[in-house]
Amino acid sequence: ERYLFHWLRSLFIPFGIIGALILNSIYRKKKIKILLILFFIFGLIVNTITLEKSPIAIIFLSIGVYMFLKREKVTVWLIVILALITFAGPITITYFIYIDRQDVFEVIFWGYINRLFIVPATVLFYYFKHFPETHDFLLGRSSQLFSWMHYEGTFPVSNYIAQLWWEDPSTTGSANANYLGNFWSDFGWYGTTISTFIFGIISHLFQWKILETTHYRKNLLYLIVMSICVPTFTFGFFSSNITILFFTKGLMLLIIFLFGYDHWQRQTMRNAL
């Protein structure tokens, strides 16, 4: 159930919105406009239900990426407009959270500057600080990909770091970091070095499969897939391990879809010949 909810927010809703946008640009029919509006409203409801900022930003960033890729000429003003569109949803949520404060706009501005540029580096610093100084290396226990081999099971490393960072042993919060923090807490320098090569190879193969399936053309499939992938490799990359990006965020489903679609294309061509 949890995976289905994450897949819905990160994969299926952006897929539906971008697909409806493309259909609307082609056919210009009333029923397509209604479909687009319904997908957009449904996405806003589902992705804001937990009051997290990144899920709602995924919707607007997906739309922004689609508009960016569709344009033949890119200008500075286009980039500025797309950036404003991307942060429109999260900023709106933050505004209503701090609406009672007189300095609400100042809080929003510095809050987002801090979250984008300072917090990711700070969280990563604490992973390197507390392993192995405060706790021994986990040897794979930070991820369910390896933790099944350990008797103790999965170690809640993000919560552990949050307790030390915030100096609150009772907190249930999570200090999530990108893959470097997780692999450092597991295997030290070996983990960060080897995982970087593995992540680079996997990302390259993923990009190659996208380009091969779309025949190296900016067609409709390319627009949809890239509009979905860019939010995952930006907002998701800041605070997610490799396994989270590919399994929890649904990229593995996208890979399966690409292989299936490519197989269907090849089979169709064989039948035609």
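This note walks through a predicted model, point by point, for a reader new to it.

1. Ground rules. Because the model is predicted, local features need pLDDT of at least 70 and side-chain atom pairs count only at pLDDT 80 or more, while totals for chains, interfaces and linings use all residues. Residues are numbered from 1 along each chain as its sequence is written, and side-chain values use heavy atoms, with hydrogens and water left out.

2. Overall make-up. The protein has 13 helices and 0 strands, where helices (H or I, at least four residues) and strands (E, at least two) are DSSP runs numbered from the N terminus. Along the sequence the pattern reads α-α-α-α-α-α-α-α-α-α-α-α-α, and the C-alpha atoms fill a box of roughly 60 × 60 × 35 Å, taken along the principal axes.

3. Helices H2 and H3. Helix H2 (residues 30–48) packs with H3 at an angle of about 145°, the axes being 7 Å apart; axes here are lines fitted to C-alpha atoms, for helices over the stretch in contact, and angles run from 0 to 180 degrees between N-to-C directions. Contact means heavy atoms within 4.5 Å, and on that basis Phe 40, Gly 43, Leu 44, Asn 47 and Thr 48 of H2 meet Pro 55, Ile 56, Ile 59, Phe 60 and Ile 63 of H3. By class, this contact has 7 nonpolar, 3 polar and no charged residues, with Ala, Val, Leu, Ile, Met, Phe, Trp, Tyr, Cys and Pro counted as nonpolar, Asp, Glu, Lys and Arg as charged, and the others, Gly among them, as polar.

4. Helices H9 and H13. Helix H9 (residues 189–213) and helix H13 (residues 251–272) pack at an angle of about 35°, with their axes 10 Å apart. Among the residues that meet are Phe 206, Lys 209 and Ile 210 in H9, and Leu 254, Leu 258 and Tyr 261 in H13. The residues of the contact of H9 with H13 divide into 8 nonpolar, 2 polar and 4 charged.

5. The structure holds 25 aromatic pairs, a pair being rings of Phe, Tyr and Trp (its six-membered ring) whose centres lie within 6.5 Å, with planes under 30 degrees apart counted as stacked, over 60 as edge-to-face and the rest as tilted. One of them joins Tyr 261 and Trp 264, which form a tilted pair at 5.8 Å centre to centre with 40° between the planes. Because Tyr 261 and Trp 264 are 3 residues apart in helix H13, about one helical turn separates them.

6. The second largest pocket. About 290 Å³ of space lies in this pocket, and of its 14 lining residues the closest to the centre are Leu 61, Ala 83, Thr 86, Phe 87 and Thr 234. On a 1 Å grid over the protein atoms alone, a pocket is an open set of points with protein on both sides within 12 Å along at least five of seven lines, a cavity is a set where a 1.4 Å probe fits but cannot get out, and lining residues have an atom within 4 Å of a point. Grid points are joined across faces, edges and corners, and a volume is the space filled by probe spheres set on the points. Helices H3 (53–70), H4 (76–97), H5 (104–130) and H11 (235–238) each supply at least two residues of the pocket lining, and H4 gives the largest share, 5 residues. The lining has 11 nonpolar, 3 polar and no charged residues.

7. The cavity. A search of the whole structure finds 1 cavity of 30 Å³ or more, and about 30 Å³ of space lies in the largest cavity. Its lining includes Ser 142, Phe 146, Asn 182 and Asp 186, and H8 gives the most to it, with 3 residues. That lining divides into 3 nonpolar, 5 polar and 1 charged.

8. Backbone in one loop. The peptide bond from Phe 131 to Pro 132 is cis, with omega near 0°, and Pro 132 is found in the loop between H5 and H6. Leu 139 has its place in the loop between H5 and H6, and its phi is near 55°, a positive value in a residue other than glycine. Most residues other than glycine have a negative phi, and most peptide bonds are trans.
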